[in-house]
Amino acid sequence: MRKKPATVGIARWSATHPWTAIGLWVIFVAACLVLGGAAGTNAISDEESGVRESGRAGKIVHFGDFPDKAEENVLITAEDGGKLDRAAGRVAAADIVERMKALDEVESVGDPVPAPDGKALLVAVTMKGDTEHADERVQPLLDASASLQSAHKGLRVDEVGTGSTAKGLSETLGEDFKKAELISLPLTLLILLVVFGAIIAAGVPVVLALSGVGAATGLSTLASHVLPETSAVSSVILLMGMAVGVDYSLFYLKREREERRAGKSHVDAIEVAAETSGHTVVVSGTTVIVAMAGLYLANEATFASLATGSIIVVAVAVLASLTVLPALLAKLGRWVDKPKVPFLWRLTMRSGESRVWPALLRPALSKPFITLVVSVGALLLLAVPALDMELKQPGSDDLSRDIPVMQAMDRLTEHFPSKGTVHQVAVRAPADRADDVKTALNGLLERTAKDELFTHDATPTIEVSEDRRVHTVDVGTPYQPKSDGARESLSVLREWVPQAMAGVPDAESAVGGKVAQGVDFTGHLEERMPWVVGFVLLLTFVTMVMIFRSIAVALSAILLNLLSAAAAFGVLVAVFQNTWAESLLDFHSSGAVVSWLPLFLFVLLFGLSMDYHVFVVSRIREAARGGVTTKTAVREGITRYAGVVTSAAIVMVGVFAIFGTLSMVEFKQLGVGLAAAILLDAVIIRTYVLPALMTALGTWNWWPGKISGDPGGSTSLPDQAEPSGHPAEEQPQHARFAAEQQHGQSAAQRAPQQGGYQQPYHQGPRQQGGLQQPGPYRHDASRPGYYQQ
């Protein structure tokens, strides 16, 4: 007898030692949170995240070791937005200078500076301490500005700077995520209640998913000390952790429940679930993990961080479903189906074949070629907008103008454009060339002062490092960061800087800043994308060939996933590069998609789509190996398990869609893109395209191999397998499958069948553990739910 997969042994141990397994899981989660909190997050710095010329600029600045000071700007304007009363403005400015100097958090206060348009006064304030925690120390300064507003009627006082902006955004985004959590948890529970009809059964996947997110967050924090972490990782962990965590538990719990209904004991039901759904979870989770590893080929710190966080949370979700879930199910016993929700419980326990799925599948099965043309045509039509996709880095102009700090920033840049979009020129040269560098930079600034592409409201200041080897200067532009004007000014500056430095021997120069980072990042992605996409496609192909031993299945999986991803990208472009959905989703269209999103979405979608593809195609192959026609196999494989796949897809769509309600445009696009992709995959790909394609291909689905049950197929395939032989009366859900198998077969073909399943090599039954087994059996690792002779 071939050794059963490790998932069975793990599940058996957990089920027979439930308190130990649960205790170890609690200790694991707590240890991850404690250790992660103690270690703290090592965030990606500018010099680590930069690529191309902006990356070189960041490294030059970092080499200069400039003091890192947090700066605040107090803007004084007329309350009605008109011309500022000079006398009242000077009194208010003198008042704020006095108030700020009295604060312990303030290092220095600059003299009031009038705006060129005469409508504002600006007071610059430098805070003590670093910039990283400035938001934690800025409140006294904000209180001082607020008190000034109360003391001087008719004036508006705004404060914008390092700490105040970070604090304002974190508070707004923090409220966003709290709202998302408050919506996502009840929504997920509601969906699971419909699936299971019992409160405890619905709650188990959610509890495990939340604990997995907590553990993954702590582990990701620890991992950040090896690979620095981007701020988006925590959101990605929450999003993916809830989606895959609930999905994996859902598959496992549904199968365990099914086996209990068939009359098995709790431990036996858990073992079967571990060997079937548990194995599927391992295969699917591994596929997602390896697919996400493709992001490392992007050779960029942000993608490496996203890949690390995603891999960790998926691995933790797999671990939870294989270890602590069997323990919980064994300990809960039949309590997992309590308290019952009357109507929903009757719905989930309803016997008989569903009428919905056969009706939905009828076009694909009766007219596969027409269905294939229509459904693929619809997806290609949805994909058309993706041809015009524009990629840009997100910036402050993407944030909702309902956020107070964004309104204040707009007023600041309106009156003082040099405080808005800024290019940073960085030069490194030998210390004895410092005077030459300064002279060259002054010549550059004289040139920019005469060009309308750059701001003229303030004279740029050249900063010199203590060792005189690094010089920096900020050159402002009056355009928004993602505008054509900002990119044009960057292009011009990158031509002028080398010209200015041509006379300085051994000088290394570069132009950085937010605009430069966005342009360079997008260009870098376009260069690396073929490598990442190629890796993922190759991985998908190899994985599917290994699982199904069929080149045809592997190629169709790649084509279907490409089609689904293209349609999702088309939806993303149609929504976010246009203005028609702005009021619906509360965003301001920049006419572009966030540059890091398409590559991340592509990799993630390929991984997640494999979950459903492996699950559904394996069931279709199971039916085909029973000797039925391809059309019947497709019908049985999809209708019998469509409910589980659909439930999992609804959970994912619900969780992802909630992210479309957040303020930051990258999270909106991430949520909408993922929700659209999963919805299209579940509704169109799995309901119409996949069944129509497999029906049209017939026995060619398994090329170059053959299914043993197909007419003319070989019955000596080394991977032939049969499901466990349970009596039909114990498994009413399989009765229909048996009837389909027997329909149209000869008596000789039907003779070997027992318990509703065909047993081609049955050599006399023997009883083991109360189950009829043709024996000896060996498990086919590529086919969850099967035993081999």
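Analyst: A salt bridge here is a side-chain nitrogen of Lys or Arg within 4 Å of a carboxyl oxygen of Asp or Glu. This is a predicted model, where local features need pLDDT of at least 70 and side-chain atom pairs count only at pLDDT 80 or more, while totals for chains, interfaces and linings use all residues. Residues are numbered from 1 along each chain as its sequence is written, and side-chain values use heavy atoms, leaving out hydrogens and water.

User: OK, how many salt bridges turn up in the whole structure?
Analyst: The search finds 13.

User: Which residue does Arg428 pair with?
Analyst: Glu508, with the closest N and O atoms 2.8 Å apart. Arg428 sits in strand 7 (residues 421–428) and Glu508 in strand 10 (residues 508–513), so the pair ties together parts 80 residues apart in sequence. Strands are DSSP runs of E, at least two residues, and helices are runs of H or I, at least four, numbered from the N terminus.

User: Switching to Arg494, what's its partner?
Analyst: Arg494 bridges to Asp520, again with closest N and O atoms 2.8 Å apart. Arg494 is in helix 19 and Asp520 in helix 20 (residues 514–548), 26 residues apart.

User: Are those two buried or exposed?
Analyst: Arg494 and Asp520 are both buried (under 20% relative accessible area; exposed is over 50%, partly exposed in between, with a 1.4 Å probe and protein chains only). Through shared partners, salt bridges join Glu53, Arg494 and Asp520 into one network.

User: And how much of the chain is buried?
Analyst: Buried residues are 55% of the 789.
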